[in-house]
Amino acid sequence: MDSVLSKSSGEIAAVKRAQIIRRVLVDGWSPAMAAAVFELPERRIARWVNDYKRRGMASLRDDGPGERVMPRWVRALTGAVSRCYAGLRRGFGLVEPAPCVVLRRTEDRPPDNRADLA
């Protein structure tokens, strides 16, 4: 159990997380049992298992919280600027309305010639 924590950051190594998740999903361990064996909080193991079910192997990547803050902040700022710019364009009348598309009815469709191909 001494290799559960990585030496540099105190985080759980991806390989060890994969082993714990495998114990729960494949070997039938409960999160409580895995928590007792690996000396980790049960809630953390349940969160890892749910994240693995949702995202698969990508959930095992070692992303620290600091690495995710900047891209999330940039996406939020980009979205806010984009919405503001679009609102200004609409407000000053610089945006033309989308053209109407005339839809055909099914009876206006040309006949299907699939019988000729057989």
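Trainee: How many aromatic pairs does the count come to?

Mentor: The count comes to one aromatic pair. Keep in mind that this is a predicted model.

Trainee: What makes tryptophan 29 and phenylalanine 38 a pair, and why is the pair called tilted?

Mentor: Take the distance first. Ring centres must lie within 6.5 Å. The centres of tryptophan 29 and phenylalanine 38 are 6.3 Å apart, so the two rings pair. Now take the angle. Planes under 30 degrees apart are stacked, and planes over 60 are edge-to-face. The planes here stand at 40°, so this pair is tilted.

Trainee: Is tryptophan 29 buried, partly exposed or exposed, and how do you know?

Mentor: Buried means under 20% relative accessible area, and exposed means over 50%. Tryptophan 29 has 22%, so tryptophan 29 counts as partly exposed.

Trainee: Why is phenylalanine 38 called buried?

Mentor: Phenylalanine 38 has a relative accessibility of 5%. The cut-off is under 20%, so phenylalanine 38 is buried.

Trainee: Which residues of α3 are buried?

Mentor: Ile45, Trp48, Val49 and Asp51 are buried in α3.

Trainee: How do you know that they are on the same side of α3?

Mentor: Look at the arc around the axis. They cover only 165°, which puts them on the same side of α3. On the other side of α3, Arg43, Lys53 and Arg54 are exposed.

Trainee: What do the buried residues of α3 pack against?

Mentor: They pack against α1 and α2.

Trainee: How does the reach of α3 compare with the expected value?

Mentor: α3 has 14 residues. From its first C-alpha to its last, α3 reaches 20 Å, close to the 20 Å expected at 1.5 Å a residue.

Trainee: And what is the reach of helix α1?

Mentor: Helix α1 covers residues 14–25, which makes twelve residues. Its reach is 16 Å, close to the 16 Å expected.

Trainee: Which residues of α1 are buried?

Mentor: The buried residues of α1 are Lys16, Arg17, Ile20, Ile21 and Val24. They cover an arc of only 135° around the axis, which puts them on the same side of α1. The buried residues of α1 pack against α2 (31–38) and α3 (42–55).

Trainee: How many disulfides does a search of the whole structure find?

Mentor: The search finds zero disulfides.

Trainee: Are cysteine 84 and cysteine 100 buried, partly exposed or exposed?

Mentor: Cysteine 84 has a relative accessible area of 47%. That lies between 20% and 50%, so cysteine 84 is partly exposed. Cysteine 100 has 79%, over the 50% cut-off, so cysteine 100 is exposed.

Trainee: Which elements make up the protein?

Mentor: There are five helices and zero strands. From the N terminus on, the order is α-α-α-α-α.

Trainee: What share of the 118 residues counts as buried?

Mentor: The buried share is 15%. The accessible surface of the protein comes to about 9,900 Å². Of that surface, 57% belongs to carbon and sulfur atoms.

Methods. Residues numbered from 1 in each chain as written. Predicted model: local features only at pLDDT ≥ 70, side-chain atom pairs only at ≥ 80, totals over all residues. Heavy atoms only, no water. Helix = DSSP H or I, 4+ residues; strand = E, 2+ residues; numbered from the N terminus. Expected span 1.5 Å × (residues − 1). Buried < 20%, exposed > 50% of the residue type's maximum accessible area, 1.4 Å probe, protein only. Arc of directions from axis to C-beta. Contact = heavy atoms within 4.5 Å. Phe/Tyr/Trp six-rings, centres within 6.5 Å; stacked < 30°, edge-to-face > 60°. Disulfide = S-S within 2.5 Å. Areas by Shrake-Rupley, 256 points an atom, 1.4 Å probe, with all protein chains shown as cover.
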